[in-house]
Amino acid sequence: MTSARVAQTFARHLPSYDTEARAQRLIAATLFQALEPVTPRHPRLLEAGHGTGFLTRDLLALQPQALWLNDLSAPLPDLQYPAPPQVLAGDIAHLPLPLELDLIASASMLQWLPEPEALIRRFCAVLRPGGVIALSGFGPGNFPELAQMGLPAGAPSYRDANALAAALPKGMEILWARDATITLTFASAQGLFGHLRATGVNGAQGGQMAPSALKSLMARMNLGGNLTLTYCPSYLLARKPGRVRAARGKEWA
Ligand SMILES: C[S@@+](CC[C@H](N)C(=O)[O-])C[C@H]1O[C@@H](n2cnc3c(N)ncnc32)[C@H](O)[C@@H]1O
């Protein structure tokens, strides 16, 4: 899937994303809870793939001294910014990155990149000593229900926490690496596919099926009663070695 196609898919689903993306909301909250205690105070901060701002909202509580916000297609989230953020619009894989960052955060975005490992290495290169990357993607087992139905993976780069960690340059300290599952339940296949469409999380897969094939798939799925959709988020927090500038309330060595 090209980045233009990803941009198109998300731009189309933005209005419904905020209310439908319950799993991503939870993922952003989980990532923030993990990163908050280990992030230097008043960070120079980059968020990649901000979308409608689930994570951005929380990141503002860190009172960043400088904030760069990136997305391929989403407009700047409508939030109360203490100072105007610097907008880095476009494909993060090809944009120049700001230097000397204390925190780079990204929730539910890495799976869209053809090579998330290359981006992770670039992120680590622009961190200050003591700086932290806080990332989430999705593991290769994402949406097992759709795989069982013979549908191909909706995003190009599903990686579990170990695979994300394996991309770290030597010397980065892994603070947290975890795989999890979030299971949503739907009363019908229509509800489940409606959720996929409203969030754009399965890329263009639903749209690539012939309507008749989709209809018969839904009929088969509906025979089973209540339906589930299992997200498999993967999380990685890692710190660049070296002295931390200033930590929350205390100096770290
Ligand atoms: C599933 S949404 C997640 C949004 C938000 N981080 C959240 O937690 O809800 C993925 C976002 O990543 C953006 N995205 C996808 N590929 C990207 C890329 N190569 N560069 C920048 N943003 C990208 C999409 O436009 C979309 O807004």
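Which residues does Leu192 touch, not counting residues up to four places away in sequence? Leu192 touches Leu146, Phe186, Met221, Leu227, Thr228 and Leu229, contact meaning heavy atoms within 4.5 Å. This is a predicted model, in which local features need pLDDT of at least 70 and side-chain atom pairs count only at pLDDT 80 or more, while totals for chains, interfaces and linings use all residues. Residues are numbered from 1 along each chain as its sequence is written, and side-chain values use heavy atoms, with hydrogens and water left out.

**Sheet**
- An open sheet of seven strands has the order S3-S2-S1-S4-S5-S9-S6, with mixed pairing; strands are DSSP runs (E, at least two residues) numbered from the N terminus, and two of them pair if DSSP finds at least two bridges between them.
- Strand S3 (86–89) and strand S6 (173–179) are the edge strands, each pairing on one side only.
- Seven bridges join S5 (residues 127–138) to S9 (residues 233–239) in the antiparallel sense, and Leu237 in S9 is the bridge partner of Ala134.

**Helices on the sheet**
- Helix H2 (residues 22–35) lies across S4 (101–106), S5, S6 and S9, at about 20° to S9; helices are DSSP runs (H or I, at least four residues).
- Helix H4 (residues 116–125) lies across S1 (44–48), S4 and S5, at about 155° to S5.
- Angles run from 0 to 180 degrees between N-to-C directions, with axes fitted to C-alpha atoms, for helices over the stretch in contact.

**Nonpolar cores**
- The largest nonpolar core has 51 residues, of which Leu35, Leu59, Leu103, Leu192 and Tyr231 touch the most other members.
- H2 supplies the largest share of this core, seven residues.
- Another core, of 28 residues, lies apart from it and includes Ile92 and Val126.
- A nonpolar core is a set of buried Ala, Val, Leu, Ile, Met, Phe, Trp, Tyr and Cys residues joined through side-chain atoms within 4.5 Å, buried meaning under 20% relative accessible area (1.4 Å probe, protein chains only).

Definitions and conventions:
Buried means under 20% relative accessible area, exposed over 50%, partly exposed in between (1.4 Å probe, protein chains only).
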